[in-house]
Amino acid sequence: MNRISGVLKLHYRDKWSWIYIPAIILFFSFGVNLTVSFLVSNQEDLYTGGISSVVIYIFVAGIIVVGKTFPFAIGMSIRRIDYFIGSVIIGTISSAFFTSLIFLFAQLEKQTNGWGTRLHFFYFPYVNDGTLLEQFILYMILFLNTFFLGFLISSYARRFGRKGMFLGAMVFLLIGSIVIFLLHHFEVWGSIFSWFASHTAVQIAYWLMPFTLLYLLGSYRMLRRAVI
Amino acid sequence: MKNVIEVKQLNKSYEKFNAIHDTSFALQANKIYGLLGRNGAGKTTLMKMITAQIFPTSGDLKVFGEGPYENANVLSQICFIKESQKYPDHYNILDALDVSKSIFPNWDVNFSRSLIKDFNLPLKRRIKKLSRGMLSAVGIVIGLASRAPLTIFDEPYLGLDAVSRGLFYDRLMEDYVEHPRTVILSTHLIDEVSSLLEHILVMDNGKLIIDQDAEELRGKAFTVTGQASKVEAFLIGKETVHREPFGGLLSATVIHSENGSDQKQATASGLEISPVSLQQLVVHLTSGRSEQKEVNTK
C-alpha cells in the first residue's frame, strides 16, 4: 500500500500534465468559442466540438505516461503491480476531475441558455439527454476508456519496443482493413448505423466498459513483463 | 550468517549474445562489495537482474532469501542507483528526493539535506538541465539517504570531479559505520575505492572470474622484475598473469603459490619484487591477454 502511495506521489508531482495543461486547453478552447459566439448572430444555436480537445489530450496523456514514469518507478525498486495500480488510480482521478468540470459547466450552460449566446460547448442534445447521473457516467466512461486505450498503447510500446510498435501497427491496420472490407462486402453498414441510432448515448457508453476492462488487463499483462 | 544475495548458475542471453554466463555467488550482509570488470562485462546486467528490472534467462536468484520479482519484501529493501537512471522530464531535484522519501522506508531527511549541501545541488533546478556530474550527485544522494539494506551503485560518479568523489567515499564510509548495510559498488576507478572494498567480484565476458576477500586478493599476486632469463627461470611452474618485456628485462605478475616461498625464491635469484595494486591485478586478469584467465579461488 505504502508503495502505491509512492507511485501516486510520483505522478502527482506532475500537476501540469494531469490538471493544468488539460484545463488550460479546455478553457482556452471554450474562450475562443465563446468569443466567436458573441461575434456571430445569436439567431441560431452554435455547436462546437471544442470539448473533444480534452478527450484527445487525455488520450495523449495515456500514451506518454508509461514512457515518462515507468523507467523511473522501476529504477526506484517499485513493483510493476504497484506502478500499474497507482497509474490506474491517477488516471481515474484525472478522468473524474474533468468529468466533474464538464458536468458542472454543462449544467451552467443549460441554465444560462448557452451563456446567453446559444453556444453549445458543454451541453449537447442527444449526449446530454439522459438523467444527471447518466450524463456524469457517460463522460466518466468516455475519459476512462480513452485514457486506458492510450495507456495500453504505451504499455505495449514499453514491452515490445520500436519493432513491436511497427509490427503491431501493421497487424492492426491489416485486421482493420479486413474487417471494413467484410462489413462492406456483406452490406452491414446500415444495420450498424441503425444500432447506434436506436441506443441512447449512455447505452453506447456502457458498451465501452468491457473494452476499457480489456485495455486494463492487456496493459497489466504487458507491464508485468516490461523491462527497463 | 544469512546471505543477502544468492545466485546460482545464472544465465542471461539476448538472441545470440550471452550477457551473463553460468554465474554463481553469494553476498553476505553488511559488507561493502566491489563489482569490477570492463565495459560490457555484464556488471549492469547482473545488477538489473538482482533488482528485477530485467529477467534472467535461467538460473536461480535469491535476494534476502526470496525471488526479487514483484516481491515487495525484497524490493522495498533495495536501492539501485545506476548511471543511466532516468527521471521524469519535468522533475526538479526536490521532486526526485520527495518521491524517494515516500518510496524508501529508511529514508533520512536530515541526511539527505546535509548531502544536498555537501554536493551543492540546486534543489529547484530541473533534472533535465543538470550537468552530468550533478546528475550523478543526485543519484548518490538518493542512494545514501535511502539507507536501503541493499544499496547498489553502478558507476555512480560519472562526470563527478575528484573532490565530489572523495566526498562520496567519505559519506558512504561514515554512514556505513553508523548504519551498516550491504553495499555493492560497481566501478572502473578501482584504486580510488580499493580501500573501501571488503570483498571483490570481478566479471569478464559475462563470467565471474574472481570472488574473493579484498585483503586476500591484494596479497595474491606480486610483480617480479629482473633479467629476462632469470625471470623466465623463476616463472617455471608458476601461475603468471601478465608479462611485460622491456629491453633485456622482464616484468611479470605472478600469483602466489600455496606455500608462500615465492618471494624468498625471487629475492634469492636477485629479482626485484613489488606489490601489485588491485587495479593492475584486475586489468591484468581482464585484459584478454592474460595467460591464465581463471584464477583459482580455492
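## A two-chain predicted model, piece by piece

Chain B is split into two parts, domain 1 (3-213) and domain 2 (219-286). Keep in mind as you look around that this is a predicted model.

The C-alpha centres of domain 1 of chain B and domain 2 of chain B are 35 Å apart. Where the two meet, ten residues of domain 1 of chain B are in contact with six residues of domain 2 of chain B. On the domain 1 side, the elements giving two or more residues are strand 3 (32-37), helix 7 (190-193), strand 8 (199-204) and strand 9 (207-213) of chain B. Sorted by class, that side of domain 1 of chain B has five nonpolar, two polar and three charged residues.

Now let us turn to chain A. Its unreviewed UniProt entry lists "transmembrane region" for residues 20-40, 46-71, 83-106, 136-153, 165-186 and 192-217 of chain A. Here are some annotated spans from both chains:

| Span | Distance between end C-alpha atoms | Helix | Strand |
|---|---|---|---|
| Residues 5-230 of chain B | 46 Å | 34% helix | 31% strand |
| Residues 136-153 of chain A | 26 Å | 100% helix | 0% strand |
| Residues 192-217 of chain A | 27 Å | 92% helix | 0% strand |

Which residues in helix 1 (residues 2-12) of chain A are buried? They are A:Arg3, A:Gly6, A:Val7, A:Leu10 and A:His11. Seen down the axis of helix 1 of chain A, these buried residues fall within an arc of 135 degrees, so they line one face of the helix.

What do the buried residues of helix 1 of chain A pack against? Within chain A, they pack against helix 2 (15-39), helix 3 (52-75) and helix 4 (80-111). In chain B, their partners are helix 2 (72-75) and helix 3 (93-103).

That brings us to the meeting of the two chains, where 22 residues of chain A are in contact with 24 residues of chain B. Helix 1, helix 3 and helix 4 of chain A each supply at least two residues to the chain A side. Helix 3 of chain A gives the most, with six residues. By class, the side of chain A that touches chain B has ten nonpolar, five polar and seven charged residues.

Note on methods
Residues are numbered from 1 along each chain as its sequence is written. Chains are lettered from A and ligands numbered from 1 in the order in which they are written. This is a predicted model: local features need pLDDT of at least 70, side-chain atom pairs count only at pLDDT 80 or more; totals for chains, interfaces and linings use all residues. Helices (H or I, at least four residues) and strands (E, at least two) are DSSP runs, numbered from the N terminus. Domain bounds come from an automatic or database domain assignment. Two residues are in contact if their C-beta atoms, placed from the backbone, lie within 7 Å. Ala, Val, Leu, Ile, Met, Phe, Trp, Tyr, Cys and Pro count as nonpolar, Asp, Glu, Lys and Arg as charged, and the others, Gly among them, as polar. A residue is buried if 20 or more other C-beta atoms lie within 10 Å of its own, exposed if 12 or fewer, and partly exposed in between; C-beta atoms are placed from the backbone. The arc is that of the directions from the helix axis to the C-beta atoms. UniProt positions are given in the numbering used here, feature names are shortened, and annotations may be inferred rather than shown by experiment.
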